[in-house]
Structures are given as structure tokens and as C-alpha cells.
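Hi there,

Here is the structure I promised to pass on to you.

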Amino acid sequence: MRVSWLLLWLDAGATEAVEEAACRCTGQQPQLIHAEGRQRLVFFGESRMMRADHPVKVLVSGYPRRGDTAADHCAFAKNALAPDPFFSSLSGNWACLAFRPEGGTLEAACDWLGAEAVYWRRLPQGWAFASRASWLAALPPAAPDDLDAWRDFLLWGLRDRGARTFWQGVRGLCGGQCLTFSLDATAPERRRWYVPPEVREGPPFPRARAREAAVELRQRLGRAVCRGLAGADTALAFLSGGLDSSSLAALGRPAVQGALATHWPGQPFDEFRFAQTAAGHLGLELHAVRPSDRQFLDAIESLLALHEGPVMSPGAFAQYALMQQAGYRGAAVVLDGTGADSLLAGHTVHLWLHGWRSLWRGRLAEWQAVLGRAGGARAFFSAFAKWAAKDWLYRNAHSTLAGFILRKQYEEWALFDPEFVRGSTLPDGRPVAFSTLNEVLHTEYFGGEVRFLLRSLHRNADAFGLRVHAPFAHEPRLAEWLMALPAALKVHAGWTKWILRQAMADVLPESITWRVDKQAQATPANRWARLLIEAYWPALEADPLGIFRKGALRRLRVGFFRPQGPVERYRVFKFAAAAVWWHMQRKQ
């Protein structure tokens, strides 16, 4: 079971102020787990610790699975002395802390992607661990804001970069990582129990293997779906009207009894009709969820508190509304397709990159197919050049030329104090124009983007007592097999996700299987951004971090901060969400 918890490992002579602050944060009374010599272990929350007479005290959160059965804290305790092989046998999302009194050490580990959050902080009196970063930040002495994290978010839209949080000194575990703590050390020892597989591009198009791979994908995906639904009384699927969610719903029948989809009547981005097509074909009862402006404004502070910081897009609220409806309908498990785009090349930029690589290597037939899908050579080169230029700007933001271009092309860059911009760190890895498709997919999947989406998904589910199963992210064997497929099976003849389309062609309707106009989680983002800016402008103008130019902020209020049109201006919403978060912090 998933639990919210906080664990203190303190010197015996520590003051009671830390424990009192932990009581206020969690709303729970302390439980003394271990006291011996100069140390004590104090737990706050719903207890998942091993009994006192067990030699190893273990805390487990999330939903770990071993084969087709759940793996509980007893299994973790039995394998505590040689955990790495045991960890490798697990699927699902999980985190564990194992305290060994005889060695005076505490080990913390999490699943291969880091989807189950575990945060830690060094205190003057010892160590603190929690499932929520904000609880650790509130312990004395209170942790200040981490400007590096705010740079990543406001400049580049990055919400999850490595172990960083919005508070200095509060860090999280990365995927496949195991940390060993001791009271005498100021920093943990780090090692990895999981190392991502090497990237392989594969042959141009292994025609002899294509059909065989499609059949195997369908079998593997079906088994992964069934494992996640095992033991669930009621399961629902989230239908976006796209290929991923429809495939999971089809393979989950008959365990999946119904489906949910957002509905935006009269809006050009509404995709409810595609969800209706998929549900009707599969014989599922479809329930429409219609979030209103009032519901959004009423829930935004609760949503950001749940996510412990601002979010990039209001899609998180649409997902929150879906989870709320699933909870009302008594669902135990919901199916979600998170992770599929980064495994199977589902984004338009993946099509552009594949076309560029095909041209570079002289595969003209494949390049021509990409041109047909991209709208011709002019549209293709224009789109790819813009994408490559953004990547170059990102990697060279400290240079004079890149800084000049950023201020001219991205008006929000004029908002920031130059010192704030100069402090940003630059990414590793090769530029996208010189990367293979599988290298880009590997970076997306293991670099933090999928982890953030999963944590968002889990937190929304937690709010309503649900368990979420995302086979493309919760099943390591499936994901590694897909990652190892040749890139030509993921994008072929101008089709992204080609191998999945082939695998599901005789199961789903053609209008779903061969869709090319699928959008991301669509919401009235521009309207909601305007509502937030209007309601929370004083918090943005107060500038608690001291990073804005006041004149530029007032100048951009009329134009930049009032986005129009149906296409989401994601560059605006992050500022609106930051204003809400700062307002919440000021109230506290």
C-alpha cells in the first residue's frame, strides 16, 4: 500500500523541536521504532515498519510486484542482505528504506525510474526522510528556496531534473539508485542497482522481423496489462482518443469495465468523439468528465499542494478531475498510457528527427514518406530547423549571441534579472541534430520527463485512494524490450509508433489505429492562464525570489500574460502556476 510518511534518524541528544515540527507537518503522533545508544529512529504516518524484534526494520511504499503477485515489506526484509537481484525482479512503482541497527546504516532505494518519491535531508541532529519534500523543508531550520530549481522551471520548463527539489538541501532519489546513510557522514554513499541499457539504432528496416515483432509486442503488452489488473475488483481506463490508451483498454478486457474521458463541448481541441469511437468499438461504457473554470479555480491551490510546487500545464488538473471521477465510481485501478510516447516515438519531433537521419544516410524513400506526413520539404526543414535551433539555444544560453536571440525571440526572457539567467546550468549529451532517434528516446525516458509524469499521475491518484497502472512505465522488462527495438520499427513510412499500430490493427478501429492528429492532454489552457494571472497577479508582482525586472513585468502584463487562441501557450502557464504557489507560500 502507498503511505505518506516521515522518518527521523536522530542523535540521542537531539532537541524535541524537530519531532514537534514533524508532528505539525504530518498531523501524526511519533512512533519510536528504535532506540539504542546514541541514536533513535522515529516514524510519523501509517506504519509499514517491521516488528520491533526483526533484525532489519523496513519501510515500503508504492505498489511493488514480483511476477503476478504483490511484494510486501516482508519480502523486502528477507532480501535485505542482497537486495539488488531482488530489486531487479520487481515491477510497479516502489520505494523502501531498510535500517540495519547492527551496522548503524540506513539504505534507501526506489524503483528503476524513480516514480515512487523518496526525499531526504541532512539535519544538524541527523537525517530525515519523507514521501513529501515539503515536510522535510518545514523541519527546523527551514530550508530556503533552491534558485537552481526555479531557473530550470521558469527558463526551460523543467520540473524534475535529477535529485533537485524547490528547496535547498532537500533531495530525492533518482531511478535505480540506492543510497547508504550513517549518522557520522555528512553525505550518503551512492550506488546504482539498475543501469539503463545501452542505446542501439538497429538496421534500416528489418522487414523479416517486423510482423514477428508486432505479434510479440501485443503479447508482452497484454501480459503487462493483466499483471497490473490482477486482484482488482473494479478497473477503469482513461481514454484520450489516441492509440496508447485505446490499446491498453482493449488488452485489459474484460477486467476493464468502463472508461473515462475529458469532454470540452464546442472547443476545437476536444477529442471526446475519438474516445467515443474507441469505447463503442470495445463495448465499454464511457463517462464524460467536463471540468469547469470554477472547478479549476477552486482546486488549483489543492492541486499545487499535492504536487508540491507549480506545474507546467493545466493538463495536471484534467488528470486530477479524471481521478476524482474514477474515485466516485468506485474504481480500484485505472489504466494509463504514460511512457509510450518516449518508448515508441510518438511525438512529431521524433518524425522530424527520423526524416533528418534518413536524409543524412541516403534513405530517400523513407525521407520522402516523412515529407508527405510533414507537409512537404519546406515545412519539414522549417520545423526541424526550429527544433534544432531551440536545442542549440538551450545548450549555449550563456553565450552573448544565444542570450541576444533568446531575449528577442522569447519575450519572457526580458523579465529576468541577468544574474538569475547566468546561474543556469547547461545540459549534457549531444545536440539533437547529431543524435539518433533511439538516443533521443533514451534521454526522454530515463532523463526525468517520464518520471515527472509518473509522479504527477501517482499523486493525483493518491488524492482519491486509487492505484494507477501504467504498463509502459511500470513494467521494466516490457520497456527494455521496446527500447531495444530498431528505430525503424518505431517510425516507418511516415508513421510514428508504427510497430504498435501494426500490433493493434485488427483490434482497434482504423480511425484510432491510424490517427495522425492526436494532441496532448488538451485543456482551455490559455483561458485558465488568464484567469490565474488576473487572480494572483499581486503574488507575481511581489517577486519573492527577487528575479524579475519590474518594468518588464508590468509591460508584459497586457500582451504576453494574456494569451489568446485555442493553441496552448505553455510558456505563460508556468508563470501563472508560480504566482499561485508564491501566494500559497505567503499565506503560510
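Let me begin with the prolines: Pro141 sits in the loop that links α4 (133–138) to α5 (147–156). The peptide bond leading from Pro140 into Pro141 is cis, with omega near -5°. Helices (H or I, at least four residues) and strands (E, at least two) are DSSP runs, numbered from the N terminus.

Before going further, please keep in mind that this is a predicted model, in which local features need pLDDT of at least 70 and side-chain atom pairs count only at pLDDT 80 or more, while totals for chains, interfaces and linings use all residues. Residues are numbered from 1 along each chain as its sequence is written, and side-chain values use heavy atoms, leaving out hydrogens and water.

Two backbone angles also deserve a look, since most residues other than glycine have a negative phi. Ala493 has a positive phi of about 55°; its place is the loop between α20 (476–483) and α21 (498–503). Asp543, in the loop between α23 (525–542) and α24 (550–556), has a positive phi of about 50°. Are these two buried or partly exposed? Ala493 counts as partly exposed, at 34% relative accessibility, whereas Asp543 is buried, at 8% relative accessible area. Buried means under 20%, exposed over 50%, and partly exposed in between, using a 1.4 Å probe and protein chains only.

Helix α7 (residues 243–251) is largely enclosed by the rest of the structure, because nine of its nine residues are buried. Among them are Leu243, Asp244 and Leu251.

The largest nonpolar core has 91 residues, of which Phe76, Phe87, Val334, Tyr445, Leu482 and Ile499 touch the most other members. Helix α6 (residues 207–229) gives the most to this core, with eight residues. Apart from it lies another core of 78 residues, including Leu393 and Val580. Such a core is a set of buried Ala, Val, Leu, Ile, Met, Phe, Trp, Tyr and Cys residues joined through side-chain atoms within 4.5 Å.

Leaving aside neighbours within four places in sequence, Tyr445 is in contact (heavy atoms within 4.5 Å) with residues including Trp112, Phe472 and Met483.

Finally, Leu303, Leu306 and His307 in α9 meet Ser456, Arg459 and Asn460 in α18.

Enjoy exploring it!
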